[in-house]
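Hi there,

Here is the structure I promised to pass on to you. Have a look at it first, and then read my notes below.

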Amino acid sequence: MTSNISIQPASDADASIILAIILDAFKDYQHTLIPTPSVFRETEEAIVDKLGLGGGFIAYIEGLAVGCVLYDVRDTYVYLGRLGVLPAYQQYGIGKQLMRAVEEKAIQLNYKQVRLNVRISLIKNHKLFESVGYTKIAEYSHEGFNEPTY
């Protein structure tokens, strides 16, 4: 299946597609993670704003949008966020291809680092990121929490 994947740059016109993908990709976390992930407060307008801070990519299989990622350019690195793949298409390497697209964009922009945040409790996600070379550099707490949450 991975040979049929096409990764394309996202535009503002894709905001509704991106929002639908991330809401579906994160739906299992809506009532299980505390605090509730901020992805559930996203709007199409917020997606457009995030695209304006950097950009994004959408993964397609035979014309169907199945995954996405957003990135923004910061002072010394590119931040990778809102990586999501529709549940039926997970485990096919689509997330890794989307991450690779952001990494290649960072190189084009002359950045040496791509960073991301992930909830501490999402062990499967940690394993994915570690499998492609990411390492933990810090832990943070959401507002109102004394222990690290991400």
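Pro-9 stands opposite Phe-57 in S2. Please keep in mind that this is a predicted model. The strand that holds Pro-9 is S1 (residues 5-9), and five bridges join S1 to S2, the two running antiparallel. On to the next strand: S2 and S3 also pair in the antiparallel sense, over eight bridges. One example to look for is Gly-54, whose bridge partner in S3 is Asp-72.

How many residues lie between S2 and S3 in their hairpin? There are two, and Glu-62 is in that turn. Glu-62 has a positive phi of about 50 degrees although it is not a glycine. With a relative accessible area of 72%, Glu-62 is over the 50% cut-off and therefore exposed. Another residue other than glycine with a positive phi is Arg-82, where the value is near 55 degrees. You will find Arg-82 in strand S4.

Now for the aromatic rings. A search of the whole structure finds four aromatic pairs. In one of them, the ring centres of Phe-57 and Tyr-71 are 5.9 Å apart and the planes are at 25 degrees; planes under 30 degrees apart count as stacked, so this pair is stacked. The pair links distant parts of the chain, as Phe-57 is in strand S2 (residues 54-61) and Tyr-71 is in strand S3 (residues 64-73), 14 residues apart. Both Phe-57 and Tyr-71 are buried.

Phe-129 and Tyr-134 make another pair, with ring centres 6.4 Å apart. Their planes are at 65 degrees, and over 60 counts as edge-to-face, so that is the name for this pair. Phe-129 has a relative accessible area of 9%, so it is buried. Tyr-134 counts as buried too, because its relative accessibility is 14% and the cut-off is under 20%.

The charged end of Arg-115 sits over the ring of Tyr-77, 4.3 Å from its centre. Arg-74 lies over the face of Tyr-79, at 4.3 Å from the ring centre.

Next comes the nonpolar core. The largest one has 43 residues, and the members that touch the most others are Ile-18, Ile-47, Leu-80, Ile-94, Leu-98 and Val-102. The elements that give two or more residues to this core are helix H1 (15-26), helix H2 (44-52), S2, S3, strand S4 (78-85) and helix H3 (94-108). Which element gives the most? That is H1, with seven residues.

Leaving aside its neighbours within four places in sequence, Val-102 is in contact with Phe-57, Val-69, Tyr-71, Val-78, Leu-80 and Val-114. Among them are Phe-57 and Tyr-71, the two rings of the stacked pair.

Finally, turn to Asn-146, in the segment after helix H4 (123-131). At 78% relative accessibility, Asn-146 counts as exposed. Asn-146 and Phe-26 are 120 residues apart in sequence and 25 Å apart in space, C-alpha to C-alpha.

Enjoy exploring!

Best wishes

Definitions and conventions: Residues numbered from 1 in each chain as written. Predicted model: local features only at pLDDT ≥ 70, side-chain atom pairs only at ≥ 80, totals over all residues. Heavy atoms only, no water. Phe/Tyr/Trp six-rings, centres within 6.5 Å; stacked < 30°, edge-to-face > 60°. Helix = DSSP H or I, 4+ residues; strand = E, 2+ residues; numbered from the N terminus. Buried < 20%, exposed > 50% of the residue type's maximum accessible area, 1.4 Å probe, protein only. Lys NZ or Arg CZ within 6 Å of the ring centre and 35° of its normal. Core = buried A, V, L, I, M, F, W, Y, C linked by side-chain atoms within 4.5 Å. Contact = heavy atoms within 4.5 Å. Pairing = 2+ DSSP bridges.
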